[in-house]
Amino acid sequence: MDSKKNNSDKLNSNNDNLTIIKPNTGWQVINFRELLEYRDLFFFLAWRDIKALYAQTVLGFSWAILKPLVQIIVFTIIFGKVAKVSTEGIPYFLFSSVAIIPWTYMSQTMSESSESLITQQSMLGKIYIPRLIFPIIPALSRIVDFSISLILIFIVMIYYRVMPTWNLLLTPLFFLLMASVPVAIGLWLSSLAIRFRDIRHAMPFAIQMLIYSAPIVYSASTIPEKYRILYSLNPIVGVIEGYRACILGLPIPWPFIWPGIISAVILLVSGALYFRRMERVVVDVI
Amino acid sequence: MTIGNTAIKVENLSKCYRIGMKEEMHDSLIKSVFSFLKSPVKNYQKHRSLYNFKDVDKHSDNSDIIWALKDVSFEVKEGEIVGIIGVNGAGKSTLLKILSKITDPTGGQAIIRGKISSLLEVGTGFHPELTGRENVYLNGTILGMRKTELDSKFDEIVDFSGIEKFIDTPVKRYSSGMKVRLAFAVAAHLDPEILLIDEVLAVGDAEFQKKCLSKMENVSQTGRTILFVSHNMHALTRLCPRAILLNGGVVQSDGESNKIVASYLDFGKGVKSEREWPLLAESPGDNVVRLRSVRVRTKDGEIKDSVDIRKAIFIDMEYDVLEEGNELMIYYHVMDDQGLEIFNPIDSDPDWRRRARPTGRYVSTAEIPGNFLSEGMIYIGAGIWNRNPEFRRLSVPDTVAFLVVDNMDGDTARVDWIRHLPGVVRPLLNWETTYSPNESGR
């Protein structure tokens, strides 16, 4: 109410609420103040996605457990029993459970985030909201799925009698890394996908390939020492190794994690900048 | 930068689009194979050029550049309500999209003072799986409201929409009318200093439209600045004291809305959709028959300056026969704004054909079907012809005029064509395609 009273003063003293619209060229910084103003929208858009995701399904949120579970079982049979992949003595089912659950979150978020501008194109042309919101929303809405699927991890931990250790205190770090990787990739790919719909066709198959780029079905220790840094530049490696060490109480393999954190930050910042550069032409090109 | 009490200042605002480039034709297999191999590179260049305008010169005549807006300048004072009119493709929507930050201009600038909200569509972001309540919050935050603001206005919004009973039902079970009501209720409770509105009144039933209009009138009395784009000339003249006419991306005229709308409707000829001669002595005709009025109306009898291209139009001619015993032929000239005669309908009603008419008041009505006339101004001339002997009793060129509007909803003969569509008439034809997958090139 105060704002109304002050209106006349504000307009006379001017300048504080001026919007200047002109052609933008070059790189734009991220407007955090604006994002903060739209914080409620983050919540409601994520809520919409969560509610719409399993609407009219019989199994509902059980899907959040069922999907990774089936994958874990298949991998356990193929890589654990048939191919006998070395896991340094960890039961294969346990070994892959702790990797597949964060991977499921990352791959789903990544593909949704990459398509976010295309799927929301009708909204883009009708109203201005900070476009940066769109590739970030999947990272929020998929947290629900991820949290539910953690139940699976608990069950597996109890079954294999894995004792929680102080390592668990580090999980927020890996959670942050886990969420920022798909957002970073989503920022890059969603802005590219507006112009090049090829992304849409490449995505499912790229994700299938990507699963083998990280120690999900195999152990990172099989990577030769001299390629370790190169291998670990893939931030997914850090996320998987980090989670595995946290949950199973193994020593944290920092050499596999640091390079990933650095490349994730670079990817995130560059992705955000590229996104800002592209968002001004989004509506015209879509 | 001081701009006094100006709310919106637009200076030389321009926006261009690059339309699709011509596809090349290949006359040999080798060439087409080669171009297929080259195509990723070419597609990349094409995609890049779609948003790259460094090489564009405003004065050059580049065929694949469309200037949606060209050097548009105007100022809107605080509290002013301005209507924006113009035919499809005149640049109205582009202007609103630039002002609401949806798209960037190619040149020029706009300075806006105050919190701005735009309503280019009602119900943006509505999701069928969410309940009415959830959609109110979602749509409200999309429109720029805060959750706390929505909390305090929620009851008012639901009350305005008139669908309290269904507020916790998923929107997918709503009728389309209910959805619009709820969406508009949210929009009507926006509280910005500057509001941009595009054509949203075209939805909803007549009663609800009226409610929205009166709500907007209330809003406009609170000193808010409004920019309003509409094809509804009645609403526009009622709501907006000032109007800006855009034509081909430039400001053609800017001033008092009644004058601008009138000049828009008949580009200076002064012809309206209804014409009456209240005094018999001054009415056209002779001692046998006198023309008393001609009006353009819809099926429901509503007199309209602008009509939906899909709807049938009824043209009533009212005339008095003062002396009995003459055979009369009632006819119209239907012309476009270029003066081209589109057709000349003659009254074929069998009841009065070849029949001497008794004295009295007559109303002859011609029904022009929907999906027949082309977009634009239509001028109607009225006439009465005598049979046996043959001569013209009366003829009034450009008696009435109306505007045919194609709202581009996709169900007109425009289909998905959004640019200028020439042609004297625009019938919606039956189309059929047969397909045989294995017979190409045979």
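Predicted model: local features only at pLDDT ≥ 70, side-chain atom pairs only at ≥ 80, totals over all residues.
What covers the buried residues of H3(B)? Residues are numbered from 1 along each chain as its sequence is written, while chains are lettered from A and ligands numbered from 1 in the order in which they are written.

**Stop 1: helix H3 of chain B**

Select residues 132-142 of chain B, which form helix H3; helices (H or I, at least four residues) and strands (E, at least two) are DSSP runs numbered from the N terminus. Of the 11 residues in H3(B), 10 are buried, a residue being buried if 20 or more other C-beta atoms, placed from the backbone, lie within 10 Å of its own, exposed if 12 or fewer, and partly exposed in between. Among the buried residues are Val136(B), Tyr137(B), Leu138(B) and Ile142(B). Their cover includes helix H3 (39-53) of chain A, together with helix H4 (147-161) and helix H5 (176-188) of chain B. After H3(B), display Gly144(B), whose phi is positive, near 105°.

**Stop 2: the contact between chains A and B**

Next, select the residues in contact (C-beta atoms, placed from the backbone, within 7 Å): 40 from chain B and 30 from chain A. On the side of chain B that touches chain A, E4(B) supplies the largest share, 6 residues. That side divides into 17 nonpolar, 14 polar and 9 charged residues. Here Ala, Val, Leu, Ile, Met, Phe, Trp, Tyr, Cys and Pro count as nonpolar, Asp, Glu, Lys and Arg as charged, and the others, Gly among them, as polar.

Strand E1 (residues 18-21) of chain A pairs with E4(B) in the antiparallel sense over 4 bridges; pairing requires at least two DSSP bridges. Leu18(A) has Arg113(B) as its bridge partner in E4(B).

**Stop 3: two helices of chain A**

Select H8 (residues 171-195) and H11 (residues 235-248) of chain A, which pack at an angle of about 155° with axes 9 Å apart. H8(A) and H11(A) are therefore roughly antiparallel, the term for angles over 145 degrees. Phe174(A), Leu177(A) and Met178(A) are among the H8(A) residues that meet H11(A), where the partners include Ile236(A), Val239(A) and Tyr243(A).

**Stop 4: Asp411 of chain B**

Finally, select Asp411(B), in the segment after strand E19 (391-405) of chain B. Asp411(B) is exposed, with 11 other C-beta atoms within 10 Å.

Key
Contact = placed C-beta atoms within 7 Å. Axes fitted to C-alpha atoms, helices over the stretch in contact; angles between N-to-C directions. Parallel < 35°, antiparallel > 145°, perpendicular 65-115°, else oblique.
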